[in-house]
Amino acid sequence: MSVPLRVAVRIRPTQAHDGKAGPPAVVPLDGTSLEVVPEGPKGRLEFNNVFGPQASQHEVFVSCCLPLVEAVLEGKNGCIFAFGQTGAGKTHSMIGPEGGQRRGTQDGILPRAAAELFRRIARIEAEAQQAIGTAGFSAYEVRVSFIEVYREYAFDLLGAGAIANRDPSSACPLREQPDPLRVYADGANEERVTSAAQLLALVDKGAKNRATAATGVHEHSSRSHALLVLSVEHRWRDVGDPDSRRVKSQSARLTLVDLAGAETMERSHGGNFDAAGVGTNMGLLVLGRVIHALAAGERVPYRDSTLTRLLQTSLGGNAVTQMLTCVSPSAADADQTWRALQYASSARDVRCAPEVARVREELEHDPMHGDWEDEDTVLNRQAVWIETRGFGDVFARCVGDPSDPLILWVHGSGPKNSSMQWNNIIMDMVRGAQSNGLGLPKRFYHVAIDCPGYGRSPSDRQTVRSYPGAFLTAVVEALGRRSAAAICGSSQGACATFNAALECPKLALALAVCHPVGHAPERYSAIKQPTLLIFDTEDAGHPVSVGRQMRRHLPNNRYFEFTRSRDGDWEVAHMGPELLQLLGANWAQIRGKRHAGRSDPKLPELTRVAGGYRAWSERHGGEWPALGAEEGTQLPVAEDLNQAGVGAGGEQDVWQAVLDPSTNVIQYRHVQSGRVTKVRPPGAQVLVERLGHGPAAVGGQRRATAPVPALFEESESEEDEEDRCAREQREVQAAQEQKEREHQQTDCDVCGGALLDPLRLVACRCAMCACCAESTVQYVRQCPACGQAVTMAKDGPKSDSAELRRRIAEREADPTDPLYEALKAQRAKLAGLTKRRNAACRVVLEFGNTASGSGGKTSYTTFVKTPVVERGPKGAQNAVAKVDFNINPGYKKPTATVTDFSLKTGAKFEYTMARSYPCFITVHFKKEWGLPQVDIQYVVQDDPKTSRRIVVDMPVAALGSKRPGQVSVEPRNGWIQCVAGQQPVVQYIGACTLKPAEH
């Protein structure tokens, strides 16, 4: 199904360099039409969106790029390209001021798209992990490349200095990949990124390498086109697949294109020749021809330009594509504006064919409806949703720039307590920091949270009490940090702050609490961070006697007591300044630890706007006012802002997160209405349904499950030195503890009996008694307990059970040991098994297949051989007379018969097909062996090599007697017990069943 290429127009505001103020040359008429005034009636044009000079960056992003982010996460390619003359606002729209490095309301499309992409990926991965119960079943990886098209050559902007002189020899050749079609710059670097900050740093690096020059229009005009490509790969495993090596993958690309200015030579270079300008305009000219040809259904000249070749799959190809045309309102630019708009108008007739048609299920809620941005851009007071991993959405009031050191504020447990409590104290601290002479930063990023179940945050109020360390860690990491410069708490929030410091010592670099609650203060001697303590001597609910104990036990504290009847709201007036003093006295140590509370570029920031200044300053529902608010003051109550969460009557807004097992991606179903969406509803209570279980609230604890291999390789640079050392210490300790648990094991992992003469398999770490080893890994090559392949040594299965054997032997020698009798019984059983083996003829049949693909077909070679033969007839070595292979089991006549069975290689049968198929194997033994005919109901497997073993057992005394008929077996490890004149008995080992054939 084809869809039209979407085209939007953005008219920038009038600027000082536009010259004399006059009527604008282009004016928006409504949200989809505009008029170019000098052109008269013909100047009225229609587009998908028209953004006037007052349009916000958020509006442009939501309309133009948010659908592309969603498309990419659904596995479809997306592309947006900005077009227009130099100075029309392309860079401002695409990136924003300061290259997008300074977070704020002016962020362009790229920073917003990156933040949205990483936020959604983190949410999808976290909720898939909750639904499945363990990690390793769904993961995403994002890689970025940055290509410049300059004078019809493609250069790698992320390369190591190769483009310094724009030598054509250093250009990347274009390559074409069929099925699906993709044209790419061969050899261009692809860097792995895990956060918007990392991505923007790479964009800044590439932008510095990009060709620019002063023109008559702009001092730093781009003389080249640039393509930023984000490749998003989703890998997942089927939950029910026992083979953790089998991984599914889906990749999609989001391409953001910044086209160079489209002005004429007369305007840009005073009519003088400029080679770079010619190359730039050449690409734009061919792009115009391509758009015209696509609209008219003619032959498309993609190959006439490097730019159009790279955009081939985005223009009329398999991508969801958006064009953003930026124009100037200045009368001096009227001609250029008219040409750009005609160019854009013709593009509306182009149709694209995304691989999967998509229908938006609901409109994006605008959190700024009825709200406004803070007029003080330095304070930047606003509200956000913090999307934590494992604890759902957390509402927060924020002050400052997210790039500054974080101070996290946690309220108490009063029924109407919320983040509102801290507003006055935070503002007081902001004013103090701006003028501090303590060697501190002039600004901090203050985030005051509504704990789960309070204020506007949904979920369970017990969360912050039950999981303080895990919850506050999730909040800090969702804010893109590894630590906070300080965590501040009041009442129960103070208790959570202390407990988090004990559970996660590196989470906060300083602590500050007022009216704290605490249990067993002697524990606090382990808290090494500098700590501010404030107590009211008249507050019976938070007794000062406990505070004095805390003062005694905390090794590095700054302690204050006040009396409210005499001193008033002392903590409101002094908590901010005293916290600054505490930080100032310790900043030399704090600044060198874990980014000092600043963002870690490797961590994505998982926040989304929840409101502006109004959401920050006004009370929501029944919230208590801020500490220090004058009695009788009636603060406005925001009844018409977004109502969401348990704290705001959230029993009505409950959703269920349901895992789609085919892709391990979450969808959300509204519990009351049944409505389904792929976008997580902001601020709603979300229940995660565990696969195969009922729903469980977000944040609950899960039972431990066996880890599976990571879906993507982790880079060693993902952690700092401090974390690496701590991780290595934990790994060493965990390995030692695991080894000791192994040495203490007494029960066999296979039969559950006493672990006599134990064998510890090195690959899977399963331990089995000598009796089980005698009847399993003595002959087969998969662990009977877990099915994993057994690592072999020259003398048998590889084992490292020396210490375990020593301990078991000591217990077997001690008649008073509780395990003595069980070991004695196992010893007698082992003696019987050994005696039986010495009196039996045993032939091990190993069967299976190899598979190798070529084109759309696979060559399967089915085999059977006899790797072990024990005590056969005298002088006889080869037990097999012939082997039949039958790929049509419904017919008695075999497809092939091998009569020259080799002792070394056995018998083989090769056949090529597009998919797996049944290949039944019949083994005929020589008459003198007296063994039954064995029919193996085998199905070829797609893995490179698959094998199983059947042990055929016959007493030596019965060899050569009447053949005991025939026996059919499944393709599993097992035994065939034969007795002369009786029907053989089949016993299988473990659960290593192979998959059936596909039909």
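Which residues form one aromatic cluster? Y860, F885, F909, Y911 and Y917 do, in a predicted model for which local features need pLDDT of at least 70 and side-chain atom pairs count only at pLDDT 80 or more, whereas totals for chains, interfaces and linings use all residues. Residues are numbered from 1 along each chain as its sequence is written, and side-chain values use heavy atoms, with hydrogens and water left out.

**View 1. The largest nonpolar core has 47 residues.** A nonpolar core is a set of buried Ala, Val, Leu, Ile, Met, Phe, Trp, Tyr and Cys residues joined through side-chain atoms within 4.5 Å, where buried means under 20% relative accessible area with a 1.4 Å probe and protein chains only. I109, L110, L117 and L256 touch the most other members, and helix α4 (residues 109–132) gives the most to this core, with eight residues; helices are DSSP runs of H or I with at least four residues, and strands are runs of E with at least two, numbered from the N terminus. Apart from neighbours within four places in sequence, L256 is in contact (heavy atoms within 4.5 Å) with I80, M94, I109, L110, A226, L227, L228 and L230. A second, separate core of 44 residues includes A396, Y454, A484 and A494.

**View 2. The charged end of R461 sits over the ring of Y454.** The distance from the ring centre is 4.2 Å, the criterion being NZ of Lys or CZ of Arg within 6 Å of the ring centre and within 35 degrees of the ring normal. K865 likewise lies over the face of F863, at 5.7 Å from the ring centre.

**View 3. Y779 and W975 form an edge-to-face aromatic pair.** Rings of Phe, Tyr and Trp (its six-membered ring) pair if their centres lie within 6.5 Å, with planes under 30 degrees apart counted as stacked, over 60 as edge-to-face and the rest as tilted; the structure holds 18 such pairs. Here the centres are 5.6 Å apart and the planes stand at 90°. Because Y779 lies in the loop between α19 (770–775) and β35 (792–793) and W975 in strand β46 (residues 974–977), the pair ties together parts that are 196 residues apart in sequence. Both Y779 and W975 are buried.

**View 4. Five strands form an open sheet in the order β40-β39-β42-β43-β45.** The pairing is mixed, two strands being paired if DSSP finds at least two bridges between them. The edge strands β40 (896–898) and β45 (966–969) each pair on one side only. Strands β39 (residues 880–886) and β42 (residues 920–925) run antiparallel and are joined by six bridges, and D884 stands opposite T922 in β42.

Conventions
Buried < 20%, exposed > 50% of the residue type's maximum accessible area, 1.4 Å probe, protein only.
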